[in-house]
Amino acid sequence: MTQHVKKQTSDSCEVECTHPEVVERVTPLIHQVEGVETIFKALSDATRMKIIYALTQEDELCVCDVAAIIGTSTATASHHLRLLRTMGIAKNRKQGKLVYYSVKDHHITDLVKIAIEHHNE
């Protein structure tokens with residue numbers, strides 16, 4: 001363990017040190033988070049979060065229903081839904097002149113539920 005004295009702050013170590021065995025153990029695993037930020041980026045927008053939440057309440061919703069639920073135009077809802085699909089969060093299907101969206105997989109639904117539970121605690 002190597003140490004260097006550094007200025008004290010309330011949320012930092014009083015000395016700079018590393019634990020080589022911990023660094024060696026965790027460093028090879030860190031690549032597993034690559035790309036995960038896309039999910040959180042998609043969900044960090046209030047409108048997209050509302051849309052995803054709405055989609056967790058039903059098996060699927062058409063663009064017009066999503067727009068009505070979140071109180072926006074169909075163009076705005078469509079834009080956000082397209083982004084969610086591109087980011088791998090939602091999927092769509094066309095039926096005649098309507099486009100229906102749903103959550104891509106249960107992991108996204110689980111994330112949303114956990115985030116809401118955490119927020120409400």
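**Strand pairing and a salt bridge**

Q: How do β4 and β5 pair, parallel or antiparallel, and over how many bridges?
A: β4 and β5 run antiparallel, joined over six bridges. Bear in mind that this is a predicted model.

Q: What stands opposite L98 of β5?
A: That is Q95.

Q: And the turn of that hairpin, how many residues sit between the strands?
A: The hairpin of β4 and β5 has two residues between its strands. In this hairpin G96 takes a positive phi, near 65°.

Q: Which other strand pairs with β5 (residues 98–103), and in what sense?
A: β3 does, in the antiparallel sense, over two bridges.

Q: Which residue in β5 is the bridge partner of C62?
A: Y100 is the partner of C62 there.

Q: Switching to charges. How many salt bridges are there?
A: The count is one. R93 pairs with E60, and their closest N and O atoms are 2.5 Å apart.

Q: Where do those two sit in the chain?
A: R93 lies in strand β4 (residues 90–95), while E60 is in the loop between α3 (46–57) and β3 (61–62).

Q: What about E60?
A: E60 also counts as partly exposed, because its relative accessibility is 28%.

Definitions and conventions: Residues numbered from 1 in each chain as written. Predicted model: local features only at pLDDT ≥ 70, side-chain atom pairs only at ≥ 80, totals over all residues. Heavy atoms only, no water. Salt bridge = Lys/Arg side-chain N within 4 Å of Asp/Glu carboxyl O. Helix = DSSP H or I, 4+ residues; strand = E, 2+ residues; numbered from the N terminus. Buried < 20%, exposed > 50% of the residue type's maximum accessible area, 1.4 Å probe, protein only. Pairing = 2+ DSSP bridges.
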